[in-house]
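Reader: I'm new to this one. Can you walk me through it?

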Amino acid sequence: MLERFGQLLTSLPEVIEAYLTTGDYDYVVKVAVESTAGYERFLREKLYRIPGIRHSRSSFALRCLKKLTSVQV
């Protein structure tokens, strides 16, 4: 079930990052949509149609303070 969920999740074009995690939630998913209406549409028409989804919790970034694509050692 987890493998199939991962395949369906990563096949969605709005999903730009997805992580299997420990803790209270199983996954952290980063999506790119054009607006809050687009996010609502993504939830209703795509994410919530994947078998196994029971609930979700959303957070939105207000401002990027730092973003690295690699670490210098």
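Author: Here is a quick tour, from the overall model down to single residues.

Author: This is a predicted model, where local features need pLDDT of at least 70, side-chain atom pairs count only at pLDDT 80 or more, and totals for chains, interfaces and linings use all residues. Residues are numbered from 1 along each chain as its sequence is written, and side-chain values use heavy atoms, with hydrogens and water left out.

Reader: What is the mean pLDDT of the protein?

Author: The mean is 92, and 100% of the residues reach 70 or more. pLDDT is the predictor's confidence in each residue, from 0 to 100.

Reader: Which element has the lowest mean, and which the highest?

Author: H1 has the lowest mean pLDDT, at 90. Helix H2, residues 36-45, has the highest, at 96.

Reader: How many helices and strands are there?

Author: Two helices and two strands. Along the sequence the pattern reads α-β-β-α. Helices (H or I, at least four residues) and strands (E, at least two) are DSSP runs, numbered from the N terminus.

Reader: What size of box do the C-alpha atoms fill?

Author: Roughly 40 × 30 × 25 Å, taken along the principal axes.

Reader: And how many residues count as buried?

Author: Of the 73 residues, 15% do. Buried means under 20% relative accessible area, exposed over 50%, and partly exposed in between (1.4 Å probe, protein chains only).

Reader: Let's pick a residue. Where is Glu 14?

Author: Glu 14 sits in the loop between helix H1 (2-10) and strand S1 (15-20).

Reader: Is Glu 14 buried or exposed, and why?

Author: Glu 14 counts as buried because its relative accessible area is 17%.

Reader: What does its side chain make a polar contact with?

Author: The side chain of Glu 14 pairs with the side chain of Lys 46, at 2.7 Å. A polar contact is a pair of N or O atoms within 3.5 Å; within protein, one must be able to donate a hydrogen and the other to accept it, and residues adjacent in sequence count only if both atoms are side-chain atoms.

Reader: Which residues is Glu 14 in contact with, leaving aside neighbours within four places in sequence?

Author: Lys 30, Val 31, Ala 32, Val 33, Phe 42 and Lys 46. Contact means heavy atoms within 4.5 Å.

Reader: Into the strand now. What is Ile 16 in contact with?

Author: Ile 16, in strand S1, is in contact with Lys 30, Val 31 and Ala 32, leaving aside neighbours within four places in sequence. The C-alpha atoms of Ile 16 and Pro 51 are separated by 20 Å.

Reader: Last one. Is Ser 59 buried or exposed?

Author: Ser 59 counts as exposed because its relative accessibility is 70%. Ser 59 lies in the segment after H2. Its C-alpha atom is separated from that of Lys 30 by 9.8 Å.
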